[in-house]
Amino acid sequence: MNTAIAGLTVLGSTFTRSLVGYAVDLGLLVLAVGMLLCLYHLLKGPHMADRALAADTLAIHLIGLVLLVSIRSQVLVFLDGILVLSLLSFAGTVAAAQYIARPHAITKPQPDSEGLTP
Amino acid sequence: MTSTNTTFLDLATVFFLLTGLFFMFVGALGIVRLPDLYHRMHAATKSVTLGITGLLIAAALALSLIEGASHTAIATRVVLVILFQFIANPVGAHLLAKAAHQTGCQPWSGTLSDDFDKDRP
């Protein structure tokens, strides 16, 4: 049991032989397959919004994966990381949407903006 | 997790875990299988939000069994993340769909009408 509480060496502990342990192992597999599907669409997607959408879904799958690792290794600190991850994925999606709508707004000054361009 | 017998809390954890995993996988499958960006957004936003909610509830139930764990700390973080996901995912998908429609992302050939295109100045 010490290995499960330490949180690093979890293979072979009694946790993996319980019902929740089997479900968590299945969940790690399912989420990994889902992340591969998202990654495939991230590389393939024809429009740039497709890639941004796939990246957003990939980040949510990553949140789920961290949750399962947190259950499996019995470490509570990962919950704070989940909070930060969800905030960052939302910020990334908003930034990607702004960039898709106006791609020159970041690199070039807008011609119709007042007072900023000389 | 010292006892090997299954309690009601374990069953509830497994139920929420499997439900969440099902919806997460449906969302990831829909991203690959559906025909255009707007359909994919439908799969990615709604079912993935429901799936991550199930996973978060399962994690809250499972982590509250740790000895010495503060239930308030776990519940606060889980409820915060659930609320944030329910706000952030629709807003992000809305922004992405609007940006894609502005830059001329073509809808599926079987789409019947595009009211937003007709209203465009």
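Helices are DSSP runs (H or I, at least four residues), numbered from the N terminus. Chain B as a whole averages 87, and 92% of its residues score at least 70. The model scores ipTM 0.88 and pTM 0.83.

This is a predicted model: local features need pLDDT of at least 70, side-chain atom pairs count only at pLDDT 80 or more, and totals for chains, interfaces and linings use all residues. Residues are numbered from 1 along each chain as its sequence is written, and chains are lettered from A in the order in which they are written.

Now the interface. Chain A brings 44 residues to the contact and chain B brings 45. Two residues are in contact if their C-beta atoms, placed from the backbone, lie within 7 Å. On the side of chain A that touches chain B, α2 (19-44), α3 (48-73) and α4 (78-101) of chain A each supply at least two residues. The largest share, 14 residues, comes from α3(A). That side of chain A divides into 28 nonpolar, 13 polar and 3 charged residues. Nonpolar covers Ala, Val, Leu, Ile, Met, Phe, Trp, Tyr, Cys and Pro; charged covers Asp, Glu, Lys and Arg; the others, Gly among them, are polar.

Next, one residue. Ala59(A) sits in helix α3 of chain A. Beyond its neighbours within four places in sequence, Ala59(A) contacts Leu85(A) and Ser89(A). Met35(A) is 24 residues from Ala59(A) in sequence, and 8.9 Å away in space, C-alpha to C-alpha.

Note on methods
pLDDT = per-residue confidence, 0-100.
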